[in-house]
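Trainee: I am new to this structure and would like to go through it with you. Could we look at it together, one topic at a time?

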Amino acid sequence: MAYVLNRFEVEREDAANDVDTLIAADKATDNTPEKKTAGDLQAGSEKKLATLRIAGLHGHNPLQNHLLAALPAEDFKRLLPHLEFIAMPLGMTVCEPGCEMHHLYFLTSSIVSLLHEMKDGSSAETAVIGNEGVAGIALFMGGGKNQNRATVKSAGYGFRLKASILTEEFNRGGALQQLLLRYTQALISQMSQTAVCNRHHSVPQQLCRSLLLTLDRLPGNEISVTQSLIASMLGVRRESVAEAAAKLQSDGLIQYARGHMTVLNRSGLEARACECYGGLKQDYEHLRSPIHAS
């Protein structure tokens, strides 16, 4: 299910005018010379964002994606009419290995897992993507085809942008290009850290890292996941995951039943996770800093 934002209540031109109104309202109440980012506008006043609320989006907003929120307001205004709202159900395949993508996905409430698959059918998770980033970096990195399978591991929503629009905006060499390259650096760091973690750290440590990375991309402390799925993501036996999860539950850190996990003690999970989690969290915190228009 995908909807172009401006096909609900406004036409393309009106959608751009709505953001002009938003920016004008912000300038009228702020005398500082510094450029505002889209995220600044959101934080400033929920009332001003009423013009961006489109019927049928169930309260979802493109600014829930950290990269879009970090854009200067003028850049965000340019992209807004081209963003398509899309439902991303559990198990949805965003891209297949060896295939070209036609959209870049800005995630808001969904979580996507990047999986590297072997010829014998086994696989392991190389990275996880949530509202801090995008799925489809091959579109702007020059590689053309994807090397990994991207699958939705936590159902939610997002906004997608056509490849042609992305290319045009990326080639401007502006804020979006800087943000996407900065995000790609963090994603590569996550892949490298994951490879080291899978080789040198225990299954319980890996499980804690995986749960924490998922929690960071969710609004609450509940995760819908099966032990089989976790085992597939980590590239280990399901029995090993079951044993590690049982230990965490007996120690009061999590509650697990029928594919539904509730984290009861986050600080306890952090204490048992390997050093990889802290490093990855720091890398992604850097992405929150806005890029201002020059």
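Mentor: Let us begin with E125, which is found in strand 6 (residues 123–129); helices (H or I, at least four residues) and strands (E, at least two) are DSSP runs, numbered from the N terminus. Please note that this is a predicted model, in which local features need pLDDT of at least 70, side-chain atom pairs count only at pLDDT 80 or more, and totals for chains, interfaces and linings use all residues. Residues are numbered from 1 along each chain as its sequence is written, and side-chain values use heavy atoms, with hydrogens and water left out.

Trainee: Is E125 buried or exposed?

Mentor: E125 counts as buried, because its relative accessibility is 8%. Buried means under 20% relative accessible area, exposed means over 50%, and partly exposed is in between (1.4 Å probe, protein chains only).

Trainee: With which side chains does E125 make a polar contact?

Mentor: One is the side chain of S113, at 2.7 Å, and another is that of K153, at 3.2 Å. A polar contact is a pair of N or O atoms within 3.5 Å; within protein, one must be able to donate a hydrogen and the other to accept it, and residues adjacent in sequence count only if both atoms are side-chain atoms.

Trainee: And which residues does E125 touch, not counting residues up to four places away in sequence?

Mentor: They are S113, L114, L115, K153, T194, N198, S232 and M233. Contact here means heavy atoms within 4.5 Å.

Trainee: Let me step back. How many helices and strands are there in the protein?

Mentor: The protein has 12 helices and 12 strands. Of its 294 residues, 50% count as buried. Among contacts between residues at least 6 apart in sequence, 76% join residues at least 24 apart.

Trainee: Which residues touch the most other members in the largest nonpolar core?

Mentor: That core has 42 residues, and M88, V94, Y105 and L180 touch the most other members. Helix 7 (residues 175–200) gives the most to this core, with seven residues. A nonpolar core is a set of buried Ala, Val, Leu, Ile, Met, Phe, Trp, Tyr and Cys residues joined through side-chain atoms within 4.5 Å.

Trainee: What is L180 in contact with, leaving aside its neighbours within four places in sequence?

Mentor: L180 is in contact with L67, L104, V134, F140, L166 and F170. There is also a second, separate core of 28 residues, which includes L207, L218, V241 and Y256.

Trainee: You mentioned L104. Where does L104 lie?

Mentor: L104 lies in strand 4 (residues 103–107), and it counts as buried because its relative accessibility is 0%. The C-alpha atoms of L104 and R160 are separated by 5.4 Å, although these residues are 56 residues apart along the chain. Beyond its neighbours within four places in sequence, L104 has contacts that include I137, F159 and L161.

Trainee: New topic: how many aromatic pairs does the structure hold?

Mentor: It holds three aromatic pairs. One of them joins F85 and F159, with ring centres 5.4 Å apart and planes at 55 degrees, so the pair is tilted. F85 lies in strand 2 (residues 84–88) and F159 in strand 9 (residues 156–162), so the pair ties together parts that are 74 residues apart in sequence. Rings of Phe, Tyr and Trp (its six-membered ring) pair if their centres lie within 6.5 Å; planes under 30 degrees apart count as stacked, over 60 as edge-to-face and the rest as tilted.

Trainee: Which residues do ring pairs link into a cluster?

Mentor: The cluster consists of F85, Y157 and F159. F85 is buried, with a relative accessible area of 0%, and F159 counts as buried at 1% relative accessibility.

Trainee: How many disulfides does a search of the whole structure find?

Mentor: The search finds zero disulfides, a disulfide being a pair of cysteine sulfur atoms within 2.5 Å. For C95, the nearest cysteine sulfur is that of C99, 8.2 Å away.

Trainee: Last one: where is R272?

Mentor: R272 is in helix 11 (residues 266–272), and it counts as partly exposed at 35% relative accessibility. A polar contact of 2.8 Å joins the side chains of R272 and D251.
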